[in-house]
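Please read the following with the sequence and the structure at hand.

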2 protein chains.
Amino acid sequence: MQYRMVAAAVLFLVFASVRARAQNKTVAERLGYPADSKLLIVHADDLAAAHSVDTASFEALDKKSITSASIMAPCAWLTEVASYAKDHPDADLGLHLTLTSEWKVDRWGPVSSIDKVPSLLDPTGYLWPEALPAARNLKPEEAEREIRAQIERAIALGIHPTHLDSHMGVLFSTPELFGVYVKVAHEYKLPFLAVRIPNAPAQLLSVLSEKDVILDSVVMANPTVHANEWRDFYVNAVKNLKPGLSEMIVHLGHDDAELQAVTVDHPDYGSAWRQRDFDFVTSPEFKKALEENHIILVKWKDLKKLVN
Amino acid sequence: MQYRMVAAAVLFLVFASVRARAQNKTVAERLGYPADSKLLIVHADDLAAAHSVDTASFEALDKKSITSASIMAPCAWLTEVASYAKDHPDADLGLHLTLTSEWKVDRWGPVSSIDKVPSLLDPTGYLWPEALPAARNLKPEEAEREIRAQIERAIALGIHPTHLDSHMGVLFSTPELFGVYVKVAHEYKLPFLAVRIPNAPAQLLSVLSEKDVILDSVVMANPTVHANEWRDFYVNAVKNLKPGLSEMIVHLGHDDAELQAVTVDHPDYGSAWRQRDFDFVTSPEFKKALEENHIILVKWKDLKKLVN
């Protein structure tokens, strides 16, 4: 098996290049916008991982500070998100397919029967804590079984997912896992997060169909961004957006006792980080930057129409 | 199968009467106290169910406001409790064997492989939310498999349980389940919560051994106690303790955003309730009542020596 592992923060960039021009049109044109529009999905990850993450994300969805979010089905708070989804049928909620359990004191296992997915479990019986050991150990057929179980669990609770993506990029980390991810997305007729890269291997491209929507870029804060540069990082990212389809991935939460405990000893993507992301996406500065740079906000729901 | 179901709050009282006088001695005498001593375990339930529950319980253990506590192995915060247990090897921590998942938006499944314990799952795939449907549906052999898995999971994480009890009393609700509970406790050489009742059926008594320690009474707040009578309820309970071995079961937590969400729409044993319990057990009034009534605090660890 071929591994293409990098730091978890940029894992999701490591795949899939294809000129996704069904009928020779850009995604913007397929959605009815001028060909060179700057389209942006503003997306919160990790719903259901903690109540603090849920409340911050629900508030940002309600305020239209973000367009979309995705849900971790194996986590304890899934029912809370399902309840929100039922009360907000227009909310653009996908599944953040989860094959890792990365925090120190708050852990989760798979949705599947554990004896059917032994390669997904670390020695303590939870999902692997990091993307690298996960990708090294898990068998693609067991990953497939688990992501199907996560989708079915969400549907059974009344969630109608609008898209799929991958927690910590595990499903982007080998061609085999990427193949499983795309196959399942196709079967469920769901768009999925995949980002254009130059010179993508033929093995990756071969699983894609002409209708698939491939993103041109992703913006996400990373550990090199200092806390006091948060606003500038995002405002500059908005200014620098090129024509095409981009996603800004944020991690929302309130910096409270629960989230500080969940993310203990892990400042990257930790509690204060998530508060900063929440503060930025709900700020007038963000709204202003989007307006001044003529950014068109789109949802995965819009893209779902294109792949069906 | 014979059901003996009552409200969950008193379920744990519904079983087991035996004169537990090994060598014709009372438990107090077996522990080296005068025969008519008033022995009390002050016990917090539900560790690992929420971070808020954990921090309140750890604080009460550290202050010696409570003597003992028990842990829910299927819950998300088990690793947090395991970490505390490693740092506090003298802490008296047992397992709160868990066959229900009773909250509205924060749910959990079994530790076992779900295809090995299908009778434990409600239609959404989590453990049954109430003791009654749990007891009606679950097969004793699957309950046994699950409680063994919970004990093994805790041990694997470095917890050395001092005793066993049963979340929401599910394991006290039928003679078959009680039999499984006692059998597993005997195998692990652990004392277990069981309370003397008059005229207990022979089927219950037959599983007990002469060494088993049976409690004479249990004190627990229930929904008939008004919030403003909390202190009086407990102080009177302490005053009214009879000679023998009793347990005061409390449910600790901080009334914060996480716990309010966990216990949403469920004031009984809810967030404010747990704060009241915490405030009482850590109060000077409680300490004074124990002293004035000559209560001897004991731990499950002390009882563990008697059953081995």
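In this predicted model, 26 residues from chain B and 25 residues from chain A take part in the contact of the two chains. Chain B and chain A bury about 2,100 Å² between them, and carbon and sulfur atoms account for 55% of that area. Which three residues supply more of the area that chain B buries against chain A than any other three? They are W77(B), V105(B) and Y126(B), with 24% of that area.

The next point is how the two chains are related. Two copies of a chain are related by a rotation about an axis and a shift along it.

The α2 helix of chain A covers residues 51–62, and one of the helices it packs with is α3 of chain A, residues 78–87. The angle between α2(A) and α3(A) is about 15°, and their axes are 10 Å apart. Angles under 35 degrees count as roughly parallel, so α2(A) is roughly parallel to α3(A). The crossing in which α2(A) passes α3(A) is right-handed. On the α2(A) side the contact is made by H51(A), D54(A), F58(A), L61(A) and D62(A), and on the α3(A) side by E80(A), V81(A) and Y84(A). Sorted by kind, the residues of this contact of α2(A) with α3(A) are 4 nonpolar, 1 polar and 3 charged.

Helix α2(A) also packs with helix α10 of chain A, which covers residues 271–281. What is the angle between α2(A) and α10(A), and how far apart are their axes? The angle is about 10°, and the axes are 10 Å apart. By this angle, α2(A) is roughly parallel to α10(A). From α2(A), the residues V53(A), A56(A), E59(A) and A60(A) meet R274(A), F278(A) and V281(A) of α10(A). The contact of α2(A) with α10(A) divides into 5 nonpolar residues, no polar ones and 2 charged ones.

Note on methods:
Residues numbered from 1 in each chain as written. Chains lettered and ligands numbered in written order. Predicted model: local features only at pLDDT ≥ 70, side-chain atom pairs only at ≥ 80, totals over all residues. Heavy atoms only, no water. Axes fitted to C-alpha atoms, helices over the stretch in contact; angles between N-to-C directions. Helix = DSSP H or I, 4+ residues; strand = E, 2+ residues; numbered from the N terminus. Parallel < 35°, antiparallel > 145°, perpendicular 65-115°, else oblique. Left-handed = near helix turned anticlockwise from the far one by under 90°. Contact = heavy atoms within 4.5 Å. Nonpolar A, V, L, I, M, F, W, Y, C, P; charged D, E, K, R; others polar. Buried area = accessible area lost by both parts, 1.4 Å probe.
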